[in-house]
Amino acid sequence: MSLFETGPIMMTEGIRELICLDQTAADTVRNCLEKHMSGNWGDLCDEDKQMNDDALETER
């Protein structure tokens with residue numbers, strides 16, 4: 001479940017080439033984006049996680 005819209009997603013040419021050639025890499029990138037969009041902020045300090053949560057609240 002996505003908590004927000006990302007807008008355009010940009011990537012380097014190297015990542016574009018990698019995900020076009022390697023399905024596992026493409027799946028990994030997609031999974032990471034899905035986690036982020038669902039509120040899984042990954043390996044961030046508590047202050048940064050709180051800032052992301054606050055930004056979501058502001059958008060609601």
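**Before helix 1**

Select Thr6: its relative accessible area is 35%, so Thr6 counts as partly exposed. Thr6 sits in the segment before helix 1.

Is Met10 buried or exposed? With a relative accessible area of 71%, Met10 is exposed, because the cut-off for exposed is over 50%. Draw a distance from the C-alpha atom of Met10 to that of Glu59: the separation is 22 Å, for residues 49 apart along the chain.

**Helix 1 and helix 2**

Select residues 13–21 for helix 1 and residues 23–37 for helix 2. The two axes come within 5 Å and cross at roughly 120°. Helix 1 and helix 2 are therefore oblique to each other.

Show side chains where the two helices meet. On the helix 1 side, pick Leu18, Ile19 and Leu21; their partners in helix 2 are Gln23, Ala25, Ala26 and Val29. By class, this contact has six nonpolar residues, one polar residue and no charged residues.

**Colour by confidence**

This is a predicted model, so finish by colouring it by pLDDT. The protein averages 95, and 100% of the residues score at least 70. Confidence is highest in helix 1, at a mean of 97, and lowest in helix 3 (residues 46–59), at 94.

Definitions and conventions:
Residues are numbered from 1 along each chain as its sequence is written. This is a predicted model: local features need pLDDT of at least 70, side-chain atom pairs count only at pLDDT 80 or more; totals for chains, interfaces and linings use all residues. Side-chain values use heavy atoms; hydrogens and water are left out. pLDDT is the predictor's confidence in each residue, from 0 to 100. Helices (H or I, at least four residues) and strands (E, at least two) are DSSP runs, numbered from the N terminus. Axes are lines fitted to C-alpha atoms, for helices over the stretch in contact, and angles run from 0 to 180 degrees between N-to-C directions. Angles under 35 degrees count as roughly parallel, over 145 as roughly antiparallel, 65 to 115 as roughly perpendicular and the rest as oblique. Contact means heavy atoms within 4.5 Å. Ala, Val, Leu, Ile, Met, Phe, Trp, Tyr, Cys and Pro count as nonpolar, Asp, Glu, Lys and Arg as charged, and the others, Gly among them, as polar. Buried means under 20% relative accessible area, exposed over 50%, partly exposed in between (1.4 Å probe, protein chains only).
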